[in-house]
Every structure is written in C-alpha cells, then in structure tokens.
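Keep the 3D view open as you read.

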Amino acid sequence: MRAGFIEEPGKAYFKEVPEPQIEKSTDVKIKVVVTGICGSEVHAYHGKHAWRVPPLVSGHEFAGIVVEVGSDVTSVKVGDRVTAEPQYGCGDCPQCRIGKYNICKNKKILGATYWSGSFGEYVVVPEKTVVHLSDDVSFEEGALIEPIAVGMHAVRERDVSIGQNILIIGAGTIGLGVYLSAKICNPSKIIVADVVDYNLEMARELGCEYTINSMKENLEAEVKKLTNGEGVDITFLAFGNAPVVESAPKCTKEGGVISEIAVIPNGTGCPYNMIQVKQQSLIGSNMYVRKDYEVVVENMAKGRIDSKKMVSKIYPIEEFTAAMEMADKRTEPVVKVMLKF
C-alpha cells in the first residue's frame, strides 16, 4: 500500500509498504481518505517520542471508508464513512473497568511502532474504536475530530458551564479544539492567548472575541481587565513551557482550576506556593474517551462545531517529505497540515 514512512530521525518519505490485514473477528479495515499530521508525529520524526519510534508508519488523526470487516462485526459495514479512536485499553485493569481506558497503563496507540498508522493507505482497528461520520461532515473535518476530542475531554472533565470565564493558553490545533469545545457550553468569556498572530487570527475567525498576544501584552493584566480583577475560573494549558506555567496561576482566580493538556517537560518550574495560597487545583487531561468523540461528531453534524478553517494545507501522500517538513519547520503559517490518498 502507499504510505508515508519515517525511516529514521530526520528521514521521512513516500514508499510502498505491506498492507495491514484483518486478524481478529472484531477487526475493521478502513481505507484512509485523509489524515492529519500531529505534533507527536513531528516528535517521532525527530526521534523524540516514547511510542512512535522509527522505522514506522505513524499517523492517528484520520477519516476514511470501511472496506472490510471481521466475521463478528455488527455495528459497521463496508462503505461506511468513519473515523476511529486511535487507542484502546487492556479491558481488565481498574481504569478500564470504570471506563477510563485513556489512562490504562497498557493501552495501545495507533501509529506506534506496533500498530501501523494512518500515514498508510489502510488501517485495521478494533470495532469498538470505530465512530461513524454524519454525511454532513467532510473527511477533512472527520480527521480533525481526534484533536478536537482532546479539547472536548478537558472541557467535559472540568464541566465548563454558563457564567464561567475561561482562559486557553496556546492556539494551535489542540487549543483551538478546546475553544470550539468550550464554546458550545456557553461560558461568559473565552479568552485565547498565544504568541503567534496567525494562531490568534484563526481563533478570531472561529468566533473568539477575546484574544491576547502574550509577547506584546501583559497576559495577567489583560486577563484581570477582562474578568473585573478576579481572574478566570479555568485555565487550559494547550501549550506548555516555563513562562506559561508561571503565568497560569496568576491568571486564575482563587479556588480556580488549571487544566494541563500540553505535554510539559519534566523539570519545568511551577509556582506551587501561589497555587497553594490561592487554593487552586492543578489537574492533567489525557487524550479522550469515546463519549468525547461522540459529542464532537454530534456537534459537527449540527453545525455547532465548525472546524473547516483549521485545515491549512493538504498534500498528496506522495509528497510526504514536503508535508512533514511543513508540519515541522512551518515555513509559512499553518494550523493543521493534512495528507490525502
């Protein structure tokens, strides 16, 4: 099959690779139509990802058409337009038993070394991971369900609601997914901060009224100005470095919550004293569960989540090298780079 192949750090190209086959009676084979390039695949490209270790066919944000099903599959048929959760848990551990398979210690992840990913023309996934797409949702939008579901999980875990003030730090794909997810909950204000004007312009195009370039403006002062001096109820960290971690508690009110979605390097300093004095909660958010996918799909179908503008460039799979270079070096402003078969 045709595929984008990462042979070793810094070396990625198009090639023909063996096609994955159905092995279990509950397997579903999907022909990938379009797939996004995530930051985790860029990390793999640099040899800096724990599970996506070259040589491999990576990729996990995708949408496509079912072409084959196992003998025991009942919920999916050939010809269905679908996406799939690119993960599944062991099914036996305490976390899996309460539905939190996203934090199963032994979960499997699509596009890792042991599971051929959506940079290949075909993927084989368990039936339980497959999610149907509405006819009103394009394949490109379908490939964005995964990163938006990351934001939806964080929003649902924190129970965003009417009357709250929300801050999102980082307006890349994940941060914009948090924004689109929080928006349907009708909070009082959603403030999006970034250091890249293009990202902030994208947030505004998606409907965000309050944006702050924290390289040009004092983030804490601007947030306090927008919240009557109180700070926000919830700060979502969709990007993480030392300055971001330092600023989050300052922008969050007493008793508020800081939700870490971004992968922040170990050793990054954190103002624990301020968090303690303000009695704030610092909590992680890891990927998603099926309900998050379903909520995103439902709201896309209803037009309440419109992600079309997030797609910046689409490359044919044969131009995989150029696509990876763009996703990595961003020689022009982009939010989401995609590959098409």
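## A strand tucked inside

Strand β10 (residues 165–169) is largely enclosed by the rest of the structure, because five of its five residues are buried. Keep in mind that this is a predicted model.

## Who pairs with β10?

β10 pairs in the parallel sense with strand β11 (residues 189–194), over five bridges. Within β11, Ala 193 is the bridge partner of Ile 169. To get from β10 to β11, the chain goes through helix α4 (residues 173–183), making a right-handed β-α-β crossover.

β10 also runs parallel to strand β13 (residues 232–237), joined to it by four bridges. Here Leu 167 stands opposite Thr 235.

## Salt bridges across the chain

How many salt bridges are there? The count comes to 20. One of them joins the side chains of Glu 141 and Lys 308, at 3.6 Å from N to O. Glu 141 sits in helix α3 (residues 139–157) and Lys 308 in the loop between α9 and β16, so the pair ties together parts 167 residues apart in sequence. Glu 141 counts as buried, at 5% relative accessibility, whereas Lys 308 counts as exposed, at 53%.

Another salt bridge links Asp 292 and Arg 156, with the closest N and O atoms 2.6 Å apart. Asp 292 belongs to helix α9 and Arg 156 to helix α3, 136 residues apart. Asp 292 is buried at 0% relative accessibility, while Arg 156 is partly exposed at 36%.

Conventions: Residues numbered from 1 in each chain as written. Predicted model: local features only at pLDDT ≥ 70, side-chain atom pairs only at ≥ 80, totals over all residues. Heavy atoms only, no water. Buried < 20%, exposed > 50% of the residue type's maximum accessible area, 1.4 Å probe, protein only. Helix = DSSP H or I, 4+ residues; strand = E, 2+ residues; numbered from the N terminus. Pairing = 2+ DSSP bridges. Right-handed = clockwise from strand over helix to strand, strands pointing away. Salt bridge = Lys/Arg side-chain N within 4 Å of Asp/Glu carboxyl O.
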